[in-house]
Amino acid sequence: MKLTLKIWRQKGPNDKGKFVAYPVDNVNPEMSMLECLDVLNETLIERGEEPVAFEHDCREGICGSCGFMINGVAHGPERATTVCQLTMRHFKDGQELAIEPWRAAAFPMVKDLVVDRRSFDRIIEAGGYISVSTGNAPDGNTIPVGKEIADRAMDAAACIGCGACVAACPNASAALFTGAKISHLGILPQGKPEQDRRALSMVAQMNTEPFGSCTNIGECTGVCPKEIPLEVIAHMNRDFWQASWKERDDLVQTIAPVTSWSNGAKVKS
Amino acid sequence: MTLDARIPSGPIEQAWDKARFDMKLVNPANKRKHTILVVGSGLAGASAAASLGELGYNVRCFCFQDSPRRAHSIAAQGGINAAKNYQNDGDSIFRLFYDTVKGGDFRAREANVYRLAENSLKIIDQCVAQGVPFAREYGGMLTNRSFGGAQVSRTFYARGQTGQQLLLGAYQALERQIHAGTVAMFPRTEMLDLIVVDGQARGIVTRNLVTGELDVHFGDAVLLATGGYGNVYYLSTNAKGSNATAIWRAHKRGALFANPCFTQIHPTCIPVSGDYQSKLTLMSESLRNDGRIWVPKEKGDKRPPNQIPEDGRDYYLERRYPSFGNLVPRDVASRNAKAVCDEGRGVGETGLGVYLDFSDAIARLGEHVIRERYGNLFDMYQRITDEDPYKVPMRIYPAIHYTMGGLWVDYQLQSTIPGLFVAGEANFSDHGANRLGASALMQGLSDGYFIIPYTVGNYIATHKFAKVDETHSEVRAAVSCVQQSTDKLLSINGKRTVDSFHRELGKIVWDECGMSRTAQGLEKAIGQVRALRENFWQNVNVPGSGDDLNQSLEKAGRVADFFELAELMCIDARERNESCGGHFREEYQTPDGEAQRDDEHYSYVAAWGYGGPDGKPILTKEPLEFHYVHPSQRSYK
């Protein structure tokens with residue numbers, strides 16, 4: 001197959017960036033989208049050009065590193081599939097694919113298709129955990145967890161933190177991501193002691209970051225590679241409102257967003 | 001050099017308790033004065049960093065990915081073993097210990113393995129308390145499943161995502177400590193050298209992968225939890241970024257590398273579909289409980305599988321191993337698959353594949369039962385191959401999956417460099433010559449939650465730490481070494497890409513140091529690897545500069561280290577004149593083709609010291625003694 005890949009190239013956050021069209025011949029339908037980019041990159045390097053920078057690691061749809069828009073759809077045309085799992089047989093000979101990074105103020109640009117998703121880690125840092133230190137735990141069977149509860153928690157826990165939900169949302173809201181973690185931990189009995197504080201803290205952090213607000217559009221769940229259900233947003237909203245009536249939110253501290261990557265290196269190289 | 005594993009004396013059931021009592025403690029008020037560097041944030045690294053932070057130490061944690069949650073620990077599908085005996089089927093700490101030593105083909109240290117089995121219970125408790133959503137029975141209790149042909153049902157799981165859920169538990173604990181201010185996290189930061197001052201590991205040199213800045217970080221102890229080196233083969237089930245750089249640079253600074261040739265091949269992975277293949281996808285071992293493995297009887301039979309009648313099929317595992325059949329251990333299944341494909345009877349376009357057929361199971365149990373057991377795995381297979389395993393047999397082929405070898409550590413998980421600790425797949429630890437299924441997750445968390453916090457504390461409490469800063473000559477030397485290497489890679493401007501060298505290296509080691517090895521093949525491989533390495537340093541083309549995100553430069557440094565490691569693997573394989581676990585030397589097999597161990601001459605850990613860029617590595621042997629599990633010959637007929 002022959003395809004034309006129109007890929008967003010941007011040297012860094014201060015560069016304007018633009019689309020560049022790359023014809024790619026000999027695309028094998030069995031290849032994954034990322035393997036197709038690998039082949040393109042080998043050609044670019046051999047021509048003396050800089051290869052396209054894109055994030056990837058596991059190449060099996062579980063680490064959440066990879067992700068970009070293909071013709072305006074996060075992770076491309078197949079449901080419940082990341083770009084690393086997407087095979088080229090879903091495209092037609094001669095097709096043109098527009099490939100661009102996640103677009104969101106809360107995901108600042110790094111280079112080409114690589115963006116900065118530390119805002120997600122800060123949301124987890126704000127309260128996406130159960131406060132139990134190593135060694136404190138009782139026997140695993142001490143707290144019964146009914147099968148339906150365990151299954152619902154697992155549905156929400158399946159989130160891989162890729163950011164497709166934010167990219168697909170017209171508001172660039174992180175509600176699905178934040179809701180997923182709040183649901184996962186809030187549904188389980190182990191998460192109950194901190195259920196209120198967790199919801200207040202994580203929502204406060206989400207609002208500190210430049211994400212947009214959720215207006216129940218639902219694009220997020222449509223592109224989610226793990227099919228996280230929209231219900232997690234309802235769950236988050238309910239936990240947040242209940243907590244707001246009950247708890248004092250003056251105890252909630254948020255973490256200031258960081259956009260620089262430099263740590264002030266001590267050595268001169 | 002003599003290796004002292006520092007195994008406590010006395011009965012093995014009390015060894016770890018005794019060791020912990022004998023360890024010195026650091027006063028709570030003093031812990032925050034000590035900085036510990038943790039490189040790698042997977043199961044072993046994140047659990048260790050979080051636990052050390054909870055104790056009050058000042059921790060710095062580093063990972064090369066954009067977030068600690070990307071570590072390849074997340075990919076594990078099957079589950080995690082623990083000797084809880086919730087199923088009342090005869091499990092116990094001793095049985096898990098016994099199964100692991102035997103599964104490792106009697107090449108692991110008994111004391112370490114016993115402790116692993118002991119810790120397995122607490123691991124489940126900790127994970128449940130963190131909110132890991134393990135599968136449950138209707139009554140609310142944790143459920144288990146069988147795995148890898150074990151006779152007890154001891155595997156805990158979270159759907160097909162156990163690795164991801166366990167890692168998220170550790171990652172969340174780590175984030176909590178980052179919030180508390182005890183852990184400073186450095187993502188997109190790669191360790192490129194170890195700083196050793198007065199014989200102690202005192203710091204690391206890092207490169208910021210976004211800005212290219214080199215930096216030094218100082219600590220009183222350094223922990224490497226950087227995973228395995230399966231990517232030396234280029235194609236493996238590892239993540240693309242998985243590499244051996246941190247442990248290799250530590251090796252060059254004096255940390256001995258143990259049993260590098262003990263690599264594990266998993267029999268059921270999706271086969272290679274073309275030259276562009278970038279990695280191999282694992283299909284869980286549990287599939288072999290219901291699938292039947294076969295290839296056509298006739299060489300060159302290219303008929304579609306549903307057109308080959310029963311008498312045209314060779315169910316070769318059932319034929320060769322009547323009592324274990326399709327459930328023979330991983331190394332046996334893998335070798336047999338390779339053998340039939342080498343004979344020209346392999347399936348699929350490349351001829352490198354065998355069938356895993358569910359038609360009999362579907363006919364016997366009904367499709368709905370198979371769907372409930374394996375639904376998500378069948379979906380994953382179909383997504384990648386566009387073939388429906390409910391209608392046509394799955395095609396599978398063995399692939400490199402795990403590395404039992406790694407940096408040598410003693411009972412306290414300290415390497416041969418004082419103050420340098422190694423945890424998880426990065427160390428050579430507990431699995432001997434072959435790892436059992438569902439045990440890797442167990443080992444990473446055992447090391448990180450329940451061993452490192454004690455042993456690193458003991459090290460700190462028993463040593464003095466002189467001040468070290470950027471002006472020390474060892475520090476300047478290490479930084480300079482990294483700078484020169486980076487500059488060199490960028491300046492060669494040769495004709496071949498990094499990936500093309502990596503692929504070629506991978507093929508050499510797969511062919512000669514993969515499923516089966518010969519002295520002659522290994523000698524040839526050593527020569528080929530050396531020649532390719534020289535070629536690399538003259539001919540590689542690394543585009544771009546060192547001042548921004550440069551993925552080719554990152555890869556180049558990792559591949560450079562893989563050349564040297566590949567050579568050591570082949571030397572180790574050639575030195576070990578026996579077959580055991582994943583290391584099969586064709587010259588040493590029983591008359592019916594099984595691995596033949598030589599316990600009299602090879603019951604030791606082969607720990608290698610770096611001999612310089614063109615020198616010979618130096619072997620030190622750690623003899624192994626088995627007092628509790630008596631070595632026996634493994635047979636599956």
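Residues are numbered from 1 along each chain as its sequence is written, while chains are lettered from A and ligands numbered from 1 in the order in which they are written. In this predicted model, local features need pLDDT of at least 70 and side-chain atom pairs count only at pLDDT 80 or more, whereas totals for chains, interfaces and linings use all residues.

**Exercise 1. The make-up of chain A**

Task: State how many helices and strands chain A has, and what percentage of its residues count as buried.

Solution: Begin with the secondary structure of chain A, which comes to 8 helices and 7 strands; helices (H or I, at least four residues) and strands (E, at least two) are DSSP runs, numbered from the N terminus. Next, take burial, where a residue is buried if 20 or more other C-beta atoms, placed from the backbone, lie within 10 Å of its own, exposed if 12 or fewer, and partly exposed in between. Of the 269 residues of chain A, 52% count as buried. Finally, the C-alpha trace of chain A spans about 60 × 50 × 40 Å along its principal axes.

**Exercise 2. The sheet of chain A**

Task: Give the order of the 5 strands in the open sheet of chain A, and identify the edge strands.

Solution: Strands of a sheet pair through backbone hydrogen bonds, either parallel or antiparallel. Here two strands pair if DSSP finds at least two bridges between them. In chain A the order is S2-S1-S5-S3-S4, with mixed pairing, and the edge strands, each of which pairs on one side only, are S2 (18–24) and S4 (73–74). Looking inside the sheet, strand S1 (residues 3–9) and strand S5 (residues 96–100) of chain A run parallel and are joined by 4 bridges, and A:Leu5 stands opposite A:Leu97 in S5(A).

**Exercise 3. Two packed helices**

Task: Describe how helix H6 and helix H8 of chain A pack.

Solution: Two packed helices are described by the angle between their axes and the distance between the axes. Axes are lines fitted to C-alpha atoms, for helices over the stretch in contact, and angles run from 0 to 180 degrees between N-to-C directions. For H6 (residues 195–208) and H8 (residues 231–246) of chain A, the angle is about 110° and the axes are 8 Å apart. That makes H6(A) roughly perpendicular to H8(A), because angles of 65 to 115 degrees count as roughly perpendicular, under 35 as roughly parallel, over 145 as roughly antiparallel and the rest as oblique. Among the residues that make the contact are A:Leu200 of H6(A) and A:Phe240 of H8(A), where two residues are in contact if their C-beta atoms, placed from the backbone, lie within 7 Å.

**Exercise 4. Where the chains meet**

Task: Find how many residues each chain gives to the contact between chain B and chain A, and which element of chain B gives the largest share.

Solution: The contact takes 74 residues from chain B and 70 residues from chain A. On the side of chain B, H6(B) provides the largest share, with 9 residues.

**Exercise 5. An enclosed helix**

Task: Explain why helix H12 of chain B is described as largely enclosed.

Solution: Helix H12 (residues 440–450) of chain B has 11 of its 11 residues buried, so it is largely enclosed by the rest of the structure. What covers these buried residues includes H3, H5, H6 and H13 (452–461) of chain B.
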